[in-house]
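Me: I would like to go through the aromatic contacts of this model. Could you take me through them step by step?

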Amino acid sequence: QGTFVKGSKYKVTLKYRGTAKKKTKVLLYVNGKKTTKTTSNAGVITFPFKSKGTFSLKVVFSGDKNHNKVELSRKFTITE
């Protein structure tokens, strides 16, 4: 949990044993609304906070034949 200013970005890096998971699809839920994101070559996705408020975020990697499913949840308050 944290408090941030408008314009801040939430950043998640998806790695396995120190190696970035490149071009991997993950689901991002922002206050329950689902968006599909694809990680960069560095294994990163970002979400910019463009308005004030409290946000619940959940990132889900569904797993694959070599990796288990992973979920990460956070709550943020954006102030001006």
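This is a predicted model: local features need pLDDT of at least 70, side-chain atom pairs count only at pLDDT 80 or more; totals for chains, interfaces and linings use all residues.

Me: How many aromatic pairs does the structure hold?

Reply: The structure holds 5 aromatic pairs. One of them joins Phe4 and Phe76, with 5.2 Å centre to centre and 50° between the planes, which makes the pair tilted.

Me: Which strands do Phe4 and Phe76 lie in?

Reply: Phe4 belongs to strand S1 (residues 2-5) and Phe76 to strand S9 (residues 70-79), so their pair ties together parts that are 72 residues apart in sequence.

Me: And are they buried or exposed?

Reply: Phe4 is partly exposed, its relative accessible area being 35%. Phe76 counts as buried, at 8% relative accessibility.

Me: What about the pair of Phe49 and Phe55?

Reply: Phe49 and Phe55 also form a tilted aromatic pair. Their centres are 5.1 Å apart and the angle between the planes is 55°.

Me: Where do those two stand on burial, buried or exposed?

Reply: Phe49 is buried, with a relative accessible area of 3%. Phe55 counts as buried as well, because its 11% relative accessibility falls under the 20% limit.

Me: Which residues do ring pairs link into a cluster?

Reply: The cluster consists of Phe4, Tyr10, Phe47, Phe49, Phe55 and Phe76, linked by ring pairs.

Me: Changing topic: which residue lies over the face of Tyr29?

Reply: That residue is Lys58, at 5.2 Å from the ring centre of Tyr29.

Technical notes:
Residues are numbered from 1 along each chain as its sequence is written. Side-chain values use heavy atoms; hydrogens and water are left out. Rings of Phe, Tyr and Trp (its six-membered ring) pair if their centres lie within 6.5 Å; planes under 30 degrees apart count as stacked, over 60 as edge-to-face and the rest as tilted. Helices (H or I, at least four residues) and strands (E, at least two) are DSSP runs, numbered from the N terminus. Buried means under 20% relative accessible area, exposed over 50%, partly exposed in between (1.4 Å probe, protein chains only). A charge sits over a ring if NZ of Lys or CZ of Arg is within 6 Å of the ring centre and within 35 degrees of the ring normal.
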